[in-house]
Each structure stands twice: as C-alpha cells, then as structure tokens.
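Subject: Structure handover and notes

Hello,

Here is the structure we talked about. Please look it over first; my notes follow below it.

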Amino acid sequence: MLIDILTLFPDMFTGFLAGSLLGAARQRGLVDVRLFDIRDFAEGPHRQVDDRPFGGGPGMLLMPGPIVSCLEHVQAQASPPGSVILLTPGGRRLDQEGVENLAARERLLLVCGRYEGFDARVSQAVGAEEVSIGDYVLSGGEVAAMVVVDAVARLIPGVLGDEESARHDSFSGPGRLVEGPQYTRPRDFRGLHVPEVLLSGDHRRIEAWRQEQALAATRRRSAATPTPGAARRSQP
Ligand code: ADE
C-alpha cells in the first residue's frame with residue numbers, strides 16, 4: 001500500500017515513521033509512506049499558504065492553490081490515482097469500519113489541515129473525502145494523519161506478526177465488541193486474583209467467559225459514552 005502525506009510540517013512524522021511496527025513494515029516493503037511539503041507548491045517570495053476568510057471571522061484558512069498543486073504533483077508521481085482524504089474535525093468520524101474501508105484501498109493521499117482549516121474548494125476541486133478522528137479540535141491534521149496511518153497499517157496483511165491478533169481486536173469481530181479484561185502473570189497481584197476460569201485450561205469455558213465479558217464491557221462503554229452529536233441535535 002502507498003500512503004502519501006501532504007503537510008506543512010513534514011518533520012513531525014520523522015519519529016513516527018521510523019517507529020517499531022511501521023518502520024518494520026516499511027522496511028519489509030508492505031507499506032510505503034511518502035511526505036510532501038505543501039509549502040513547496042506555494043507561490044510568491046513569501047510562499048504564502050494561508051489567508052484571511054472572506055466574510056470575516058477569526059484566524060486564517062489554507063488557500064486552495066498550493067494544496068491542489070501539491071495534490072496534482074503527488075497524484076502524477078505514482079499510479080493508480082489515490083483516494084484523497086482531508087483530515088478535518090468536520091469530516092466523517094473515523095471508526096474501525098472506516099479504517100477497514102481505507103485499508104482496502106491501494107493508495108491514500110492524506111492532506112493535513114492547519115489554522116482554521118481548508119478553503120471549501122479544495123474538496124470540490126479534487127473530489128476528496130473528509131475524515132475526522134474524533135469530536136475535538138487538534139492544532140492540525142498531522143496527528144490525525146498519524147492515527148489513520150497507524151490504524152490502517154496494522155490491517156495490511158503481514159504487518160502484524162500474528163494475523164489473528166487484528167481479528168481479535170476491539171471493534172473487529174462480529175458485533176464489533178470491545179475486548180473484555182485480560183490478564184498475565186502474576187496470578188496474584190497485591191491480592192487481586194486472575195479469574196479462575198482463565199487458569200482452568202477449559203477452552204470452551206474460557207471462550208464463553210470472554211464472550212460474556214466482551215458483551216458486558218461493550219454495554220458499559222455505550223452507557224458511559226454520550227450519543228455522538230446528541231448535544232448538537234438538542235440545540236434549537
Ligand atoms: N484537524 C484538527 N482536528 C482534527 C480532528 N479532530 N480530526 C481530523 N483532523 C483534525
């Protein structure tokens with residue numbers, strides 16, 4: 001899989017890309033990640049990439065010109081054309097199903113926003129999808145792009161040592177349950193004991209217990225998590 005990242009801050013990715021799982025996957029040729037600096041496509045002596053919003057309002061917006069020129073350059077560097085994903089808090093909220101959908105593509109172009117966001121014509125001009133990693137505002141799309149790359153890369157066959165483990169992750173199996181509690185040694189930690197069933201060696205009982213725990217954990221989590229967007233919907 002090829003992932004191209006367009007950003008004003010390519011240096012932010014250095015440590016992340018070299019990191020253990022992704023670094024190894026890149027070395028093994030399972031995923032290729034390339035970085036492009038949007039400012040290289042800006043014009044004028046100041047290489048301006050942002051400007052004030054028409055109609056007034058706070059902050060600065062990313063101008064469409066440098067981003068679209070950068071995207072056109074990057075698309076021409078490889079084939080097939082990649083899916084263009086703009087990272088922005090107003091985008092479609094990412095979940096594991098969304099990650100699986102992205103992982104099935106051959107090539108992604110992730111565009112990191114900054115300041116107050118993108119001029120709306122970027123999306124229109126290039127037919128982009130907009131993705132948010134959650135209902136909060138980051139100071140830029142770079143951290144969001146790292147989240148996407150990390151979550152997508154671990155679904156690429158061969159990236160995880162144990163192919164089974166992605167299938168058993170929270171949100172991955174039937175019903176998209178979260179995982180229940182897990183334990184390792186010691187059996188007794190400060191008087192807290194590992195549930196007896198896990199030490200029983202009875203695999204059917206263990207599986208039934210795990211399923212029950214996953215259901216309970218999923219229910220507890222839904223009860224503790226407010227319905228996304230509920231606050232906004234209750235506004236007049
Ligand atoms: N840029 C700023 N906040 C973001 C978010 N929540 N998701 C994706 N990109 C962002």
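Asp-4 is a buried residue, with 0% relative accessibility; buried means under 20% relative accessible area, exposed over 50%, and partly exposed in between, using a 1.4 Å probe and protein chains only. Before the rest, two remarks on the basis of these notes. This is a predicted model, in which local features need pLDDT of at least 70 and side-chain atom pairs count only at pLDDT 80 or more, while totals for chains, interfaces and linings use all residues. Residues are numbered from 1 along each chain as its sequence is written, and side-chain values use heavy atoms, with hydrogens and water left out.

Asp-4 sits in strand β1. Helices (H or I, at least four residues) and strands (E, at least two) are DSSP runs, numbered from the N terminus. The Asp-4 side chain makes a polar contact of 2.8 Å with the side chain of Arg-107. A polar contact here is a pair of N or O atoms within 3.5 Å; within protein, one must be able to donate a hydrogen and the other to accept it, and residues adjacent in sequence count only if both atoms are side-chain atoms. Not counting residues up to four places away in sequence, Asp-4 touches Arg-34, Phe-36, Val-74, Arg-107, Leu-108, Leu-109 and Leu-110, where contact means heavy atoms within 4.5 Å.

Gln-96 belongs to helix α4 and is also buried, at 16% relative accessibility. With residues up to four places away in sequence again left out, Gln-96 touches Leu-155, Phe-171, Ser-172 and Arg-176.

Nonpolar cores

A nonpolar core is a set of buried Ala, Val, Leu, Ile, Met, Phe, Trp, Tyr and Cys residues joined through side-chain atoms within 4.5 Å. The largest one has 29 residues, and the members that touch the most others are Ile-3, Ile-5, Phe-13 and Leu-110. At least two residues each come from β1 (2–7), α1 (14–18), α2 (20–27), β5 (83–93), α4 (96–103), β6 (107–112) and α6 (142–153). The largest share, eight residues, is from α6.

Leaving aside neighbours within four places in sequence, Phe-13 is in contact with Ile-5, Thr-7, Leu-35, Cys-112, Glu-142, Ala-145 and Met-146. There is also a second, separate core of 18 residues, including Val-49, Leu-62, Val-74 and Phe-118.

Ligand site

Which residues surround the ligand? They are Leu-87, Thr-88, Pro-89, Val-131, Ser-132, Ile-133, Gly-134, Tyr-136, Val-137, Leu-138, Gly-140 and Ala-144, with a residue counted if one of its heavy atoms lies within 4 Å of the ligand. A nitrogen atom of the ligand lies 3.2 Å from a backbone N or O atom of Thr-88. For Ile-133, a polar backbone atom is 3.0 Å from a nitrogen atom of the ligand. For Tyr-136, a backbone N or O atom is 2.8 Å from a ligand nitrogen atom.

The protein covers 96% of the 260 Å² of accessible area that the ligand has on its own; accessible areas come from the Shrake-Rupley method with a 1.4 Å probe, and for residues only the protein chains shown count as cover. Two or more residues of the shell come from each of β5 and β7 (129–132). The largest share, three residues, is from β5.

Backbone points

The peptide bond from Ser-79 to Pro-80 is cis, with omega near -5 degrees. Pro-80 is in the loop between α3 (64–76) and β5. Another cis peptide bond joins Arg-185 and Pro-186, with omega about 5 degrees. Pro-186 is in the loop between α7 (163–168) and β8 (188–189).

Tyr-115 is not a glycine but has a positive phi of about 55 degrees. Tyr-115 lies in the loop between β6 and α5 (121–126) and is partly exposed, with a relative accessible area of 38%. Arg-190, also not a glycine, has a positive phi near 50 degrees. Arg-190 lies in the loop between β8 and β9 (192–193) and counts as exposed, at 75% relative accessibility.

Cysteines

With a disulfide taken as a pair of cysteine sulfur atoms within 2.5 Å, the count is zero. Cys-70 is in no disulfide, and the nearest cysteine sulfur, that of Cys-112, is 10 Å away. Cys-70 is buried, with a relative accessible area of 0%. Cys-112 is likewise in no disulfide and is buried, at 0% relative accessible area.

Regards
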